[in-house]
Amino acid sequence: MLKKDALAQHRYIIHHLLRRYNVTYEYDEFFQLLLIRMWQLILQYDASLSTSLQSYLYSRLRYYLLDLFRISSRQLLTTDITTCKDIPSIDTITMVENQLLLNHFLTTLSLNERKWVQLASQGYKQYEIAQKMHRSLSSIKSYKKSTKNKFFSYFNDRKE
């Protein structure tokens, strides 16, 4: 298969990844960066080292996209409720309420669990988090499990 044909045949992977990570803002820019990276990966591909071109491209592009998110330091915007004079819509109220709930939930976590949430939300993999926090992988898995348990417990209590 020609490399140019491989590029055209596997473009759907880029669209899939961008939809998977809910990229709507700057979609075209991310698409172009991933397309360039895909071309580089196709040129580097060695069939003897990987099972299939499709799985090779998917995994490499996925990690590249996560690295792009990290580099651009895309953080969730928070709204300071004290500066809101007029709240224009119900969506804004819901956003502020959700942010307040999330902030309150984060206060229920231990320092290590909060650090895990921060790093995981930035797209780091578990072994990278373990390196950054200077903890074992099993400790990181424990923080993840306890955070999830606290999360479900916290929001289930809110429903009742």
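The legends below accompany several close-up views of a predicted model.

**Figure 1. Overall layout of the predicted, helical model.** The secondary structure comes to 8 helices and 0 strands, and, read along the sequence, the elements follow the pattern α-α-α-α-α-α-α-α. Of the 160 residues of the protein, 26% count as buried. Among the contacts between residues at least 6 apart in sequence, 58% join residues at least 24 apart.

**Figure 2. The salt bridge between K150 and E113.** A search of the whole structure finds 2 salt bridges, and one of them is formed by the side chains of K150 and E113, with a distance of 2.8 Å from N to O. K150 lies in helix α8 (residues 137–159) and E113 in helix α6 (residues 111–121), so the pair ties together parts that are 37 residues apart in sequence. The two partners are described by separate accessibility values: K150, at 33% relative accessibility, counts as partly exposed, whereas E113, at 5%, counts as buried, because the cut-off for a buried residue is under 20% relative accessible area.

**Figure 3. The salt bridge between E128 and K125.** Here the side chains of E128 and K125 meet in a salt bridge, with 3.4 Å from N to O. E128 is buried, and K125 is buried as well. E128 belongs to helix α7, in which I129, A130 and M133 are also buried.

**Figure 4. Packing of helix α6 with helix α7.** Helix α6 and helix α7 (residues 126–133) pack at an angle of about 130°, and their axes are 10 Å apart. That angle makes α6 oblique to α7, and α6 passes α7 in a right-handed crossing. On the α6 side the contact is made by N112, K115, W116, L119 and A120, and on the α7 side by I129, K132 and M133. Sorted by class, the contact of α6 with α7 has 5 nonpolar, 1 polar and 2 charged residues. Two of the α7 residues in this contact, I129 and M133, are listed among the buried residues of that helix. An α-helix has 3.6 residues a turn, so residues three or four places apart point the same way.

Figure 5. T147 is found in helix α8 and, at 5% relative accessibility, counts as buried. When residues up to four places away in sequence are not counted, T147 touches F105, L109, E113, W116 and V117. Of these neighbours, E113 is also the salt-bridge partner of K150, and W116 also takes part in the contact of α6 with α7.

Figure 6. L106 and F151 are 45 residues apart in sequence, and the distance between them in space is 9.1 Å, C-alpha to C-alpha.

**Figure 7. H10 in the loop between α1 and α2.** H10 is found in the loop that joins α1 (3–9) to α2 (12–20). With 6% relative accessibility, H10 counts as buried. Leaving aside its neighbours within four places in sequence, H10 is in contact with M38, L53, Q54 and L57.

Figure 8. Most residues other than glycine have a negative phi. N22, however, has a phi near 50°, a positive value in a residue other than glycine; N22 lies in the loop between α2 and α3 (27–44) and, at 63% relative accessibility, counts as exposed. H134 likewise has a positive phi, near 60°, and lies in the loop between α7 and α8, where this residue follows α7. At 70% relative accessibility, H134 counts as exposed.

How values were computed. Residues are numbered from 1 along each chain as its sequence is written. This is a predicted model: local features need pLDDT of at least 70, side-chain atom pairs count only at pLDDT 80 or more; totals for chains, interfaces and linings use all residues. Side-chain values use heavy atoms; hydrogens and water are left out. A salt bridge is a side-chain nitrogen of Lys or Arg within 4 Å of a carboxyl oxygen of Asp or Glu. Helices (H or I, at least four residues) and strands (E, at least two) are DSSP runs, numbered from the N terminus. Buried means under 20% relative accessible area, exposed over 50%, partly exposed in between (1.4 Å probe, protein chains only). Axes are lines fitted to C-alpha atoms, for helices over the stretch in contact, and angles run from 0 to 180 degrees between N-to-C directions. Angles under 35 degrees count as roughly parallel, over 145 as roughly antiparallel, 65 to 115 as roughly perpendicular and the rest as oblique. A crossing is left-handed if the near helix is turned anticlockwise from the far one by less than a right angle, and right-handed if clockwise. Contact means heavy atoms within 4.5 Å. Ala, Val, Leu, Ile, Met, Phe, Trp, Tyr, Cys and Pro count as nonpolar, Asp, Glu, Lys and Arg as charged, and the others, Gly among them, as polar.
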